[in-house]
Amino acid sequence: MPIIAVNFKVYPQVMGAGALRLAKICDEVASKTGAQIIIAPPMTELSRVAAEVDIPVFAQHADPARVGSSTGHVPLEFIRESGGSGVIINHSEHRMGMADIEFLVKKSKYLSLETIVCTNNVPVSAAAAAFNPNYVAIEPPELIGGDISVTSVDPSIVSNSVKEVKRISSDVAVLCGAGVKKGEDVKKAVELGAEGVLLASGVVKAEDPKEVLLDLLGC
Ligand code: G3P
C-alpha cells in the first residue's frame, strides 16, 4: 500500500480542535485499512495530537537550534519530547540551507526521529538523498495547493527524482506531492516509482476527509 503523508499546514480547518479531529480520522483510516499514514499537524497542536493517535506524527519544521538560550525556535529534542516521531525538513514554504538540512537529518537519526526532506527539482532530490533521510519528497512549488497533480503535469520530475535518489541510496523512500487529490494520482505516483505521496489541501480542505483518504488508498 502506498504511504500517505498528510501535511495539515496551518489551514483554518486545523486550527485548535480541528487538528485533533482530522488526526483521528487519519488514525481510524490507517487502523481499518492497515495503510501507512503519516500526519504533520500544526506545531502548536503536535503534543496534543501525538498523545491521542497511534499513527506517526511529524513536525512540519524544525530549527537547527540547540536546547538552551534560543527564543522562538523549535529544536528537534522538543519535537521528540512532545511525542513527535519525525520531522518535515525544507518544505517549499519553509526553505532551509544545505548545511542546516544536513545538521537536522543527522541529528534526527541520533534522536531516532524520522525525516522527510522536501525538494523542488531533480538535482536537489539527489543532494537530499546524499544525507540519507528516510524520505525525499519531490514537490514542484508552482503546483502546490493547485488542482492538477504533479504526476500528470510533470511525471518526469517524479521518475527522475526516483532514479537519482535510488542511485545514491536505495534505503531512501521517495514521495511526491503538489496537487495530489485522487486515488488515480497516487496510483500514477507509484507507477512512476514513488513509494507514496505527501499532500495537504486535498485532505485538509475536503468536506469528507475520510472518503478522500480511502480513495487515495484505492479502497
Ligand atoms: O506538503 C504538501 C504540500 O506542499 C502539497 O500541498 O495542497 O498541493 O497537496 P497540496
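I began with Cys176, whose sulfur lies 12 Å from the closest cysteine sulfur, that of Cys118, which is too far for a bond; a disulfide is counted here as a pair of cysteine sulfur atoms within 2.5 Å. I noted that Cys176 is buried at 0% relative accessibility, and that Cys118 is buried with a relative accessible area of 1% (buried is under 20% relative accessible area, exposed over 50%, partly exposed in between, with a 1.4 Å probe and protein chains only). My search of the whole structure returned zero disulfides.

For the record, this is a predicted model, in which local features need pLDDT of at least 70 and side-chain atom pairs count only at pLDDT 80 or more, while totals for chains, interfaces and linings use all residues. Residues are numbered from 1 along each chain as its sequence is written, and side-chain values use heavy atoms, with hydrogens and water left out.

Leaving out residues up to four places away in sequence, I listed the contacts of Phe8 (heavy atoms within 4.5 Å), among them Val14, Leu22, Ile39, Pro42 and Val204.
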